[in-house]
Amino acid sequence: MGRVGLFWSALLLATVLALPWFKGGAIFSSALTEGLAGRVWLLPLVAVALGLAALAFGTRDWRVHPAGAVLVGVGLVWLILQGFGIGLRGPAMPGIAVLFPAAANGQPGFGWGAWVAGIALVGVLAEVLAARGFCRGERFAAFSIVGIVAALTLFVFFPILTLMSAAFIAPDGTLSALPFLIRITAPDLWSIGCLTGGGRCGVVVNTVVLGVLSAAFAATLGLALALLVARTDFRMRRFLRAIAILPIITPPFVVGVAIIVLFGRTGVVTVEVAEWFGMRPSRWVYGLPGILLAQVLAFTPVTFLVILSALEAINPTLEEASTTLGARPVTTFRTVTWPLLRPALAAAFLLAFIESLSDFGNPIVLGGSYDVLSTKIFFAVVGAQYDLSQAATLSVLLLGLTVAAFWLQTRWLGRSSYVTVTGKSDAGLVAPVPPLIKWAAVAAVLPFVLVTVGVYVIILIGGFVTDIARMEMSPTFSHLWTAFSFELGERGLQLFGSAWNSMITTLWVSTLSAPLTMGIGILTAWLIARQDFVGKRAFEFGTLLSFAIPGTVVGVSYIAAFNVPPIDMTGTLWILVICFVFRNLPVGMRAGIAALAQIDRSMEEASQTMGAGGGRVLRDVVLPLIRPAIFTALVYSFVTAMTAVSAVIFLVSARHNMATAYIMGRVGNGEYALAMAYSTVLMLVMVACVALMNLVVGRARLGRRSAVTSSAPPTE
């Protein structure tokens with residue numbers, strides 16, 4: 001039957017006999033001992049483990065034996081029932097009390113025994129499916145698919161379904177659709193008074209207006225930057241690229257604080273403009289204009305990278321053919337380049353729109369009386385009245401807006417084909433941008449560059465002067481010392497600064513989540529690109545779903561799902577790691593798919609012909625060839641974990657605080673200088689870590705083949 005099958009059977013048997021089944025249990029407080037002590041609902045799992053062990057040693061191949069599939073199915077169903085059927089106050093599902101009468105007083109969450117038993121059952125299920133032809137009998141691929149599906153079900157679909165069910169819970173704890181209908185039709189959500197001149201708009205209308213404006217401006221600026229960098233001889237192209245990417249490693253809140261220092265009522269720019277033109281300073285920066293300005297600065301880098309990659313991928317022979325046929329540069333751009341950019345523009349707009357919907361940092365700092373869904377959800381959870389049902393209702397609305405945006409993007413793109421990279425030569429000359437479009441792009445980018453430079457000058461200086469908001473510019477390191485003070489004495493290194501806890505936790509979470517995100521993402525990409533199996537389209541959709549869910553919704557759904565048994569992880573380090581892994585998983589997956597598309601399958605087939613299994617082919621052949629994708633996935637997941645706030649703001653605790661949550665607290669207390677000093681340190685740490693990853697993994701060297709080739713070896 002194979003060593004792998006024996007391993008999974010032995011592991012399952014060991015968990016139910018020796019490992020602690022519930023959280024906080026001692027060794028040997030297993031399913032067997034707990035079941036004999038009164039929790040009899042655990043004994044069927046012991047019987048399943050013993051039955052599988054008997055089949056493993058008593059039959060020629062238990063994987064194809066009918067009893068093996070039955071035992072695996074019973075074990076998985078029973079584990080789910082005994083876990084999720086019992087809530088904090090006892091059985092939560094109708095009829096569960098009949099099966100588990102001794103569980104009426106509730107139980108603690110799952111311990112190591114239950115977790116490892118679940119993994120073992122997944123492994124046994126993969127063995128059974130592989131023996132029946134799933135993934136052409138490839139064990140490694142079968143286990144990878146079944147394991148990823150199980151993880152997505154547990155950490156993506158289950159929290160969302162739990163959150164949706166929480167929206168239908170009445171104040172007395174019963175399920176009812178009426179409270180949901182009352183909450184979702186409230187006038188303060190859908191009012192259009194600001195558009196008709198009759199008052200303020202509702203939260204949903206505010207969110208949509210902000211999202212559309214932010215996405216439109218960010219996509220336009222991203223297009224202008226990409227055209228200047230990729231299609232012009234503009235002398236400051238490298239500077240523009242650096243300026244455009246810099247906001248990616250900037251913690252949230254800080255950009256908003258810098259905007260207040262620049263454009264607030266007593267801001268540097270506001271005071272100067274008021275003196276020049278004799279105007280009275282106003283509070284215009286608080287509300288829609290301020291949030292929009294901050295979001296455009298924050299989201300333009302994402303749109304720039306998306307559009308830039310599309311511009312560089314367009315086959316230049318198409319534009320060259322248009323020019324050869326006599327078309328003017330403007331005509332070539334309008335009829336060839338622009339239509340081919342439609343998918344990139346749609347993707348850039350969609351990404352910026354989704355980021356705007358889930359953005360929490362900028363609205364909380366600059367929102368004033370302009371309410372959006374993300375801040376309303378936050379105050380519903382952490383406010384004076386803990387109202388998870390209201391937060392769930394608002395989260396369902398936010399998720400609905402995201403799904404609607406995806407649907408509109410699909411409708412706009414239609415069924416047209418945008419493929420330009422084929423097996424034919426692409427050695428044509430790239431068409432330069434027409435002068436009119438070039439100078440229009442310069443005019444659009446110049447204000448963005450000036451404001452961005454001003455914001456980062458404020459950030460870099462503000463943490464090292466007494467009080468930049470009041471223009472007290474005396475140099476000082478007191479803010480940095482408050483955050484990161486330490487002492488090196490007889491008892492060794494002692495950390496006293498108030499920011500050390502959040503910095504250490506952030507580094508731990510980022511260091512743990514980045515390799516996991518990269519590994520699962522690349523593995524998923526390999527499965528989609530190289531394996532044929534039933535349900536492949538649904539599998540790919542499920543992996544992409546987590547990226548489409550706004551971070552605010554993810555955070556609230558994790559609270560709803562993992563704040564009670566059987567999976568009680570709220571307040572731990574692992575819930576932060578898991579949140580980032582499945583939130584950023586699609587990025588590594590898409591990077592891996594793009595890299596694998598350029599590798600001929602014959603290289604892997606040669607290895608398989610020599611007898612290598614799927615796991616060895618992936619390790620020895622595929623991974624060395626896709627180092628740029630590995631680097632991209634690592635960097636993105638690491639930086640996102642260091643700077644994200646919309647999801648983790650709901651999941652941090654006093655013991656496990658994150659850097660962004662610490663910065664938010666300082667901003668809320670008006671300690672702007674301390675927030676800027678911490679942000680500067682955080683950005684330097686990220687730059688150092690990214691440089692280290694570059695040395696360890698390797699650097700992506702992308703570009704077209706040079707028109708002139710040489711037989712001489714390349715020189716550095």
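Which residue takes a positive phi near 60 degrees in the hairpin of E3 and E4? In that hairpin, which has four residues between its strands, the residue is Met 471.

## Basis of the report

The structure is a predicted model, in which local features need pLDDT of at least 70 and side-chain atom pairs count only at pLDDT 80 or more, while totals for chains, interfaces and linings use all residues. Residues are numbered from 1 along each chain as its sequence is written, and side-chain values use heavy atoms, with hydrogens and water left out.

## Strands and hairpins

Helices (H or I, at least four residues) and strands (E, at least two) are DSSP runs, numbered from the N terminus. Two strands are said to pair if DSSP finds at least two bridges between them. Strand E3 (residues 465-467) and strand E4 (residues 472-475) run antiparallel and are joined by two bridges. Val 465 has Pro 475 in E4 as its bridge partner.

Strand E5 (residues 486-489) is joined to strand E6 (residues 492-495) by four bridges, and these strands also run antiparallel. Opposite Phe 486 stands Leu 495 in E6.

## Nonpolar cores

A nonpolar core is a set of buried Ala, Val, Leu, Ile, Met, Phe, Trp, Tyr and Cys residues joined through side-chain atoms within 4.5 Å. Here, buried means under 20% relative accessible area, exposed means over 50%, and partly exposed lies in between (1.4 Å probe, protein chains only). The largest nonpolar core has 187 residues, of which Ile 259, Val 455, Tyr 558, Phe 582 and Tyr 678 touch the most other members. Helix H27 (residues 573-596) gives the most to this core, with 15 residues. A second, separate core has 26 residues, including Phe 22, Leu 71, Ala 120 and Val 128.

Contact means heavy atoms within 4.5 Å. Apart from its neighbours within four places in sequence, Ile 259 is in contact with Gly 264, Val 285, Leu 293, Ala 294, Leu 297, Leu 366 and Val 455.

## Aromatic rings

Rings of Phe, Tyr and Trp (its six-membered ring) pair if their centres lie within 6.5 Å; planes under 30 degrees apart count as stacked, over 60 as edge-to-face and the rest as tilted. By this rule there are 21 aromatic pairs. One of them is the edge-to-face pair of Phe 378 and Phe 379, with 5.3 Å from centre to centre and 70 degrees between the planes. Phe 378 is buried because its relative accessible area is 8%, whereas Phe 379 counts as partly exposed at 46% relative accessibility.

Ring pairs also link Trp 115, Phe 155, Phe 158, Tyr 558, Phe 562 and Phe 582 into a cluster. A charge sits over a ring if NZ of Lys or CZ of Arg is within 6 Å of the ring centre and within 35 degrees of the ring normal. The charged end of Arg 666 sits over the ring of Tyr 662, at 4.7 Å from the ring centre.

## Selected helix residues

Thr 680 is part of helix H32 (residues 672-697), and it counts as buried because its relative accessibility is 8%. A polar contact is a pair of N or O atoms within 3.5 Å; within protein, one must be able to donate a hydrogen and the other to accept it, and residues adjacent in sequence count only if both atoms are side-chain atoms. The side chain of Thr 680 reaches the backbone oxygen of Met 676 at 2.9 Å. Leaving aside neighbours within four places in sequence, Thr 680 is in contact with Ile 459, Leu 460 and Phe 464.

Val 4 belongs to helix H1 (residues 3-17) and is partly exposed, with a relative accessible area of 35%.

## Backbone features in loops

The peptide bond from Pro 565 to Pro 566 is cis, with omega near 10 degrees. Pro 566 lies in the loop between helix H26 (551-562) and H27.

Phe 28 is not a glycine, yet its phi is positive, at about 75 degrees. Phe 28 lies in the loop between H1 and helix H2 (31-36) and is exposed, with a relative accessible area of 53%.
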